[in-house]
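Subject: Handing over the two-chain model

Hello,

Here is the structure I promised to pass on. Please open it alongside this email.

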Amino acid sequence: MEVVLDVKGLSKQYKKGVYASENVTFQVNKGEIFALIGPNGAGKTTTIRMISTLLKATEGDAVVDGHSIITEPEKVRECITYLPDEAGAYKTMKGVEYLRFMAGIYAKSKSDIEEFVKRGSEISELGDRLNDKISNYSRGMQRRLLLARAIMSKPALAILDEPTSGLDIINALEIRRMIKKLAAEGMSFLLSSHNMLEIEYVSDRVGIISKGHLLEVGSAPELVEKYGVKNLEEVFEKVVTVR
Amino acid sequence: MKFSILLRKELKEMLSVTTIATMFLMVFILIFAGKAMSKAVDDVKKDATTITICDKDKTDFTKMMLDVMEKMDEMEVKRVEVNSDDYAKELKDSDYKNVVIIPKGFTEQVEKHEIAKVIFAQRMSSIATFSNISTGSKVALEMLQKGIKSTIYAKSSLNEATIKQLEDPIKLEEFTVVSDKQDQVASSTVSSIMQSQAMLIPIIMFLLIMYSSQMIMGAISTEKLDKTLETLLSAPVSRLSVISAKMLSAAIVAALQAAVYMFGMNKMMEGITGGMTDDKNTEEILKNLGLTMSVGDYLLVGAQMFMTILIVLSISIILGALAKDAKSAQTLQLPIMLLAMVPYFVTMFIDVKTASPVIKYVTMAIPFTHSFIANQNVMFGDYTTYFIGLAYQFVLLCVCMFLALRIFMSDRIFTLTLGGGKKKKGGLFGKKQTSYEDE
């Protein structure tokens, strides 16, 4: 199976002896949805930010679509898109202007821009509201726009930090369905969430992270069976308590 | 291509409809203020050439004296009646701002060769500069003295030539020297022309500093807090392009705003200064004294202004990166405002170069000061001070730019905040930081 993301012993040390993330190792395959789960402050965002080339890793490496985040961060950025937790968009822009602006950053040609904007408009399902200022969008509409932005350029790996946080049930369900559909089409996803039930539904495999350490990796059914519990929440409780 | 996309986006954000509307409104207000001041100046001029006199003595001597004063053509003499000693009531009931009262017994005192007494009452209705300008007591006194002298001379047996000599025994020919050039003009006149023109430079500099700082700090802190910066910096675009686009657009918009405000200020100043120098053309005076600026001089002043803007932008990037919320972003502009206010006020009131050593070195240590005095240095040919200032600004720019880029190109752009972090040890240079998010 083709590996899109290969994380090898990735660590981030902010001050001597204090690791936000330590020796994290996992892989994400093509068309796979991999989720990092853990409580607030577990090290999910730090790990994701290192893979997104926003933070420099203290130790280890991650290879995205054949490119190292340490030696080829520019190449990595061409293969990924990143949607931060609770991210906003430029309020003075209209929805379509935002898609066009971001398309211009990712596109290699003018025809790419048009193609990305068309796809982004379709994915967002915002219709005529794309011509409205983003400042007039609801939280759900803004999140859909941002998700469309993250996906429209068909990256090898889409990194989504808490993709449904703060959304109502309907919007959250739509976004989960969209992620599953795109993964089926071959796009890989690295998600982070502290919502275990959501992850159990949407992801192919999960990595449980706590206090900067990746403690367990596997599919939700595998882990539930391994620990002899009912759901991922109970797996998480057992893993964190035992370690 | 990507840089132009970023630049367009930054310009569009910074040059919003509100910003453009504010600029036009400001220009409209300044032009309106200029027209209002122009009218005030005209009124002041009229008031300053009118003397209101109440003759309570009513003798042949005082009548003759007032006739002589009227014939002098220096002032318009307005004869009025004041019926009581309650000047507050009298001036309130009338429409004149002041009155000179020649009391009963005035002629008698003059004839006895005693010091004659006159009364001057002035009404103050506001603390506004223009509202209180009128013929002052000193001018009134001079006019009366002239009137008395002329009347006494006219009654005497002196011949016309002697009378003329006694009235105007000396004629002052005043010269002003600047470097190796001179012109027959009072230094106070030159000073007043220079002040009215030089007033614009500090105002424009101050506006430029505040606007460019506000724009770049807003751009950085908003992007950081909205996490649009994370989105942008994880995209295939270099951090240097992102920061350069922000800095360039802030500089362009700041320069545009300065130009628009300069136009408005110029219109306003025209209203105030128009017609202040009556006997000689302002431009000619400045040209004769070498106080005009050549294209090269303008370039030198512009270079130092641009240097200040770059320093402001670099400092603002650092401060913008420290913001933990919208409120702190505004508060963080305070150091820049203070640094701009010191040279603004100091250069307005004193010559920094001849000030006491403490004031001189403290003010000169502020990099913006050199741009505030750039036009003076160039006009008076003090190129040594100019180039020392430019070199100092360049060194500081390198330091500030190095720090700003170091923050922007590193993790610190995401981890650094002021006052809201978990740890306070360490600084910008060390491995420790003020705070971090460690999810």
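Below is what I found, from overall confidence down to single residues.

**Confidence**

Keep in mind that this is a predicted model. The predictor gives the complex an ipTM of 0.91 and a pTM of 0.74. Chain B averages a pLDDT of 81, and 87% of its residues score at least 70. Among the elements of chain B, helix H8 (residues 187-198) has the lowest mean pLDDT, 74. Helix H19 (residues 383-409) of chain B has the highest, 93.

One stretch needs care. Over residues 420-439 of chain B, pLDDT stays under 50. The model still has 40 contacts beyond four places in sequence for that stretch. Where pLDDT is low, the predicted coordinates should not be read in detail.

**Chain B as a whole**

Chain B has 20 helices and 6 strands. Of its 439 residues, 33% count as buried. Take the contacts in chain B between residues at least 6 apart in sequence: 75% of them join residues at least 24 apart. The domain assignment of chain B gives domain 1 (47-156) and domain 2 (185-415). The C-alpha centres of domain 1 and domain 2 of chain B lie 51 Å apart.

**Where the chains meet**

The contact takes 31 residues from chain A and 22 residues from chain B. On the side of chain A that touches chain B, these elements give two or more residues: strand S1 (3-15), helix H1 (44-51), helix H2 (73-79), strand S6 (80-83) and helix H3 (95-106). The largest share of that side, 4 residues, comes from H3(A). By type, the residues of this side of chain A divide into 14 nonpolar, 10 polar and 7 charged.

**An open sheet in chain A**

Chain A has an open sheet of 4 strands, in the order S2-S1-S4-S5, with antiparallel pairing. Strand S2 (18-29) and strand S5 (67-68) of chain A stand at the edges. Each has a single partner strand, so one side of each is left without a neighbour in the sheet. At the S5 end, strand S4 (residues 59-64) of chain A and S5(A) pair in the antiparallel sense over 2 bridges. There, Val63(A) stands opposite Ser68(A) in S5(A).

**A covered strand in chain A**

Now look at strand S8 (residues 188-193) of chain A. How many of its residues are buried? S8(A) is mostly covered, with 6 of its 6 residues buried. In a regular strand the side chains alternate between the two faces of the sheet. Ser188(A), Leu190(A) and Ser192(A) point one way from S8(A). Phe189(A), Leu191(A) and Ser193(A) point the other way, and all are buried.

S8(A) pairs with strand S3 (residues 33-37) of chain A in the parallel sense, over 5 bridges. In that pairing, Leu36(A) stands opposite Ser192(A). Strand S7 (residues 157-161) of chain A also runs parallel to S8(A), and 5 bridges join them. Here the bridge partner of Ala158(A) is Phe189(A).

Helix H6 (residues 169-184) of chain A has 16 residues. H6(A) reaches 23 Å from its first C-alpha to its last, close to the 22 Å expected at 1.5 Å a residue. Just after H6(A), Gly186(A) takes a positive phi of about 115°.

**Residues to look at one by one**

Most residues other than glycine have a negative phi, and most peptide bonds are trans. Two residues of chain A deserve a look on this point.

- Thr53(A) has a positive phi of about 65° although it is not a glycine. Thr53(A) is found in the loop between H1 and S4 of chain A. With 23 other C-beta atoms within 10 Å, Thr53(A) is buried.
- Glu162(A) has a positive phi of about 45°, and it is not a glycine either. Glu162(A) sits in the loop between S7 and H6 of chain A. Glu162(A) is buried, because 22 other C-beta atoms lie within 10 Å and the cut-off is 20 or more.

What of Ser109(A): buried or exposed? Ser109(A) lies in the loop between H3 and helix H4 (110-124) of chain A. Ser109(A) has 9 other C-beta atoms within 10 Å, so it is exposed; the cut-off there is 12 or fewer. Ser109(A) and Ile170(A) are 61 residues apart in sequence. In space they are 36 Å apart, C-alpha to C-alpha.

Best wishes

Definitions and conventions:
Residues are numbered from 1 along each chain as its sequence is written. Chains are lettered from A and ligands numbered from 1 in the order in which they are written. This is a predicted model: local features need pLDDT of at least 70, side-chain atom pairs count only at pLDDT 80 or more; totals for chains, interfaces and linings use all residues. The expected span of a helix is 1.5 Å times one less than its number of residues. Two residues are in contact if their C-beta atoms, placed from the backbone, lie within 7 Å. Ala, Val, Leu, Ile, Met, Phe, Trp, Tyr, Cys and Pro count as nonpolar, Asp, Glu, Lys and Arg as charged, and the others, Gly among them, as polar. pLDDT is the predictor's confidence in each residue, from 0 to 100. Domain bounds come from an automatic or database domain assignment. Two strands pair if DSSP finds at least two bridges between them.
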